[in-house]
Amino acid sequence: MYPPSRHAIPFHRSLLATLSVYRSSYKRIPIKQRLWNLVTLRNILLVVWIAVLYWGERKVFRDSLEDCQWDKWEKWPSNAAPYRMALIADPQLVDPHTYPRRGIALRATIFYTDKYMEKSYSLLNSILIPQTTIFLGDLFDGGREWSTGGGSWKFHMVDPRAETDWVSYGRAYWEGEFLRFNKIFPVFPGRRSIRSLPGNHDLGIGNGIDEGVVSRFKAFFGETNSVHTLGNHTFVLIDSVSLENTQNKNIYEPTTKFLDEFPNFLPSPLELLRETPQLRSTKIQEANEPPPTAPTEQVVAASLPRILLTHVPLYRPPNTPCGPLRESSHQAIFLQGGFQYQNVLTSEISGDVLRKVQPVLVASGDDHDYCEVLHAGATGMVKEITVKSFSWVMGVRKPGFLLVSLWNPITIDNQKSPDGSTIQTKLCLLPDQWGIFKVYILAFGVTKFILTLNLIYLWLRKKRNEPLLPLSQDEAGKLQSQKAAYKGSEYGFSSVSSWNGSNGSISTRIGASSGGSGSHLKPHGHSHYGGYGIPSTSPSPAPYNDDDDDKYAKKSVGLGLASMPNLPHNINTHLTQLGNAAGNVGSMVADRVAERVPSLAPMVENGKEIVRREIEKGGGVSGWVQRLWRTALEWSVFVVIVGIWYLWLVNTSV
């Protein structure tokens, strides 16, 4: 039995005794041996997992952004100072509209998609440092479906796929999504971020747009039609989803009116230079040079190049190829539509927009994959680039964004690029998150396989050390004594036992070892074999006085390390009960399987025979549970370290 409560060792004394024994034993080990002791299977796997998680949560993201460095693809003259920006399409924050699943599955999807985009956007701004970032619509996935609370909502077009709980998501939920969007995509100091271009998931499209939804979007993000002068280029943002409306004048008229009147409000290049000539210069200027003066009208270009931004791509003939950078096996955008979506604008609207804006480049979103086509414009062929989705759950394995480099020396005496172009673009790909998860699963499978082999190896080694033939009682007692002596000396204590062959009993005394041999202790009782025996599971209480506290603590610590049965009595009891219950359930399941699948009956009987043999040996199923419990304790530190490392990588900013 365990010592009574009055002889209980205080926790701090037990801890100090443990540390003292460990320190004295550890100091006797040479440094070289200490280093070799660190090379264990558990430590090797720990290092491997730390490296794999760092690769999947940090390195692969940094490498993707480093491959897009401006100097690796820009081809401007050496004296150029280009204006650099990024275009992001279709982040589509996952919400209850995205998937019908709920609970932990939806929360996990939201968590990982948000972290992916937050990490990518942070690295985009810290590594590439764009001066302006423009979003091309579809900021939310179910933004159009959440009630505005206004009177027009009763006319809202109901999604045929609507879940019953959608009615509970109203204006408060939408405002929470707005805060979530700004947390993922914050505005960095000194940078410009334009996010007022709507998509069909934000407003709807055509006759499915609700006035209240449009008003709410404008109140938080700004006017949906706008013009911006960036890098000596004019960016024209068109609310193309509202252009498809044919029933509500309040929806389509602001966009059609904007297309007719916006050229009247554009500043001329000469006016821009006269206002801030030092900011409009495209040459690198030394600090000791005087600021440039505004040039005369004779040396200024007539107008700035225009770039059209629209969420829905422009019309193109069916099966128009999108080029080699498209990920999908289908090399064209399908010309189709459905509830609240339309893959391209109509031919009439596309032609009207091209004629009025007269762009040199068109950038769009909505399709989620990259596409590059040419349109016949008023002044020649116009390239349109459909930008990839920024999210990894939008049907593409490798999300991406578009980098745009602008250099437009609007004075005639400035040297232009070799091909005369003022715009250069680069598709920047982000990591394959599904591929990262597959690497994690593969690493887990390999780890599990290695641990299984290790357990088999330890079991075979244990079997190899056991005698092949039955032993007499005296020989069995001697063998047990030798095994216990080896185990006891390994943990810095020894036990002295005597074997009584006449009645098959072992009497044991336990004490701290001297140099690991324990040769100074005398056997309790008489044995012609003598030597070291099995550690007792019920040591006699030590006299309770202050002088013997530390000595008793060391004995208890050594005893606890030596063998599994010396765990606290209640834990062993629960393990035994659990093991017996598991054995009973397993036997019932085995019988049921044998009844339903007769071909497995021999295998089931073999398994039950193994269990019976273990029970006859005295260990029983509870012994198996105890061994599994011991293995779990040994690897608990590994699991805790890997878990903390992963959580830190996922939840901290890059």
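Let me start with a pair of strands: β10 and strand β11 (residues 380–386) run antiparallel and share 7 bridges. Two strands count as paired if DSSP finds at least two bridges between them. Strands themselves are DSSP runs of E, at least two residues long, and helices are runs of H or I of at least four, both numbered from the N terminus. In this pair, leucine 374 stands opposite lysine 383 of β11. A hairpin of 2 residues joins β10 to β11.

Before I go on, a word on the source. This is a predicted model, in which local features need pLDDT of at least 70 and side-chain atom pairs count only at pLDDT 80 or more, while totals for chains, interfaces and linings use all residues. Residues are numbered from 1 along each chain as its sequence is written, and side-chain values use heavy atoms, with hydrogens and water left out.

Now the sheet. Which order do the strands take? The open sheet has 6 strands, ordered β4-β5-β6-β9-β11-β10, with mixed pairing. β4 (226–230) and β10 (371–377) are at the edges with a single partner strand each, so one side of each has no neighbour in the sheet. From one strand to the next, the twist averages 25°.

Further along, strand β5 (residues 233–238) pairs with strand β6 (residues 306–310) in the parallel sense, over 5 bridges. Isoleucine 238 has threonine 310 in β6 as its bridge partner. Helix α12 (residues 347–357) packs on the sheet and touches β5, β6, β9 (361–364) and β10, where contact means heavy atoms within 4.5 Å. The direction of α12 makes about 150° with that of β6. Angles run from 0 to 180 degrees between N-to-C directions, and axes are lines fitted to C-alpha atoms, for helices over the stretch in contact. Helix α9 (residues 249–261) lies across β4 and β5, at about 160° to β5.

Next, two helices. How far apart are the axes of α4 and α5? Helix α4 (residues 104–128) and helix α5 (residues 171–184) have axes 9 Å apart and pack at about 40°. That angle makes α4 oblique to α5, because oblique covers what is left after under 35 degrees (roughly parallel), over 145 (roughly antiparallel) and 65 to 115 (roughly perpendicular). On α4 the contact uses Ile110, Asp114, Met117, Glu118 and Tyr121, and on α5 Arg180, Lys183 and Ile184.

Last, a charge over a ring: lysine 119 lies over the face of phenylalanine 61, 4.6 Å from the ring centre. The cut-offs are NZ of Lys or CZ of Arg within 6 Å of the ring centre and within 35 degrees of the ring normal.
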